[in-house]
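Please find below a colleague's note on the structure shown here. It is arranged as numbered points.

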Amino acid sequence: MLNRLYDQPLGRTGRLRRAALRRVLATHIASGRVELGDRRLRLDGYDIHLATGRVTREGEPVDLALPTGRRAVPLPFLPYDEVLLERVVHTVSHLLSNGPVPHRVGSG
């Protein structure tokens with residue numbers, strides 16, 4: 001199911017999310033460090049899907065320890081309140097601040 005959603009064109013909310021990210025991340029996009037595609041944001045070899053927030057590197061899922069709930073830092077500069085948009089911005093911020101993270105190791 002997730003893979004099917006991953007390849008679908010963005011809906012209206014996803015397009016609004018992409019437009020908001022284009023404004024919020026304009027400096028990083030202009031520098032070339034962040035690339036904003038039709039369905040994905042690319043940063044230092046990581047792909048962040050705009051409809052799911054899923055982070056991958058070389059096609060493999062990457063788990064990031066992002067703050068949630070009361071520990072999350074509010075993002076007052078976002079143009080509107082949307083949980084997935086906030087998650088994508090937190091993900092980009094984490095990757096910009098902390099650099100690469102280890103690949104997820106499969107269990108088994």
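This is a predicted model: local features need pLDDT of at least 70, side-chain atom pairs count only at pLDDT 80 or more; totals for chains, interfaces and linings use all residues.

1. Helix 2 covers residues 12–24.

2. Gly14, Arg17, Arg18, Ala20 and Leu21 are the buried residues of helix 2. Viewed down the helix axis, these buried residues fall within an arc of 165 degrees and therefore line one face of helix 2. The face turned away from this buried side carries the exposed residues Arg12 and Arg23.

3. As to what covers the buried side, the buried residues of helix 2 pack against helix 3 (26–31), strand 1 (34–36), strand 2 (40–43) and helix 4 (83–98).

4. Two salt bridges are present in the structure. In one of them, the side chains of arginine 33 and aspartate 44 meet at 2.6 Å, N to O. This pair links distant parts of the chain, eleven residues apart: arginine 33 lies in the loop between helix 3 and strand 1, and aspartate 44 in the loop between strand 2 and strand 3 (46–49). Arginine 33 is partly exposed, at 34% relative accessible area, and aspartate 44 is partly exposed as well, at 35%.

5. Arginine 42 and aspartate 47 also form a salt bridge, with their closest N and O atoms 2.9 Å apart. Aspartate 47 counts as buried because its relative accessibility is 16%, under the 20% cut-off. Arginine 42, by contrast, is partly exposed, with a relative accessible area of 35%.

Key: Residues are numbered from 1 along each chain as its sequence is written. Side-chain values use heavy atoms; hydrogens and water are left out. Helices (H or I, at least four residues) and strands (E, at least two) are DSSP runs, numbered from the N terminus. The expected span of a helix is 1.5 Å times one less than its number of residues. Buried means under 20% relative accessible area, exposed over 50%, partly exposed in between (1.4 Å probe, protein chains only). The arc is that of the directions from the helix axis to the C-beta atoms. Contact means heavy atoms within 4.5 Å. A salt bridge is a side-chain nitrogen of Lys or Arg within 4 Å of a carboxyl oxygen of Asp or Glu.
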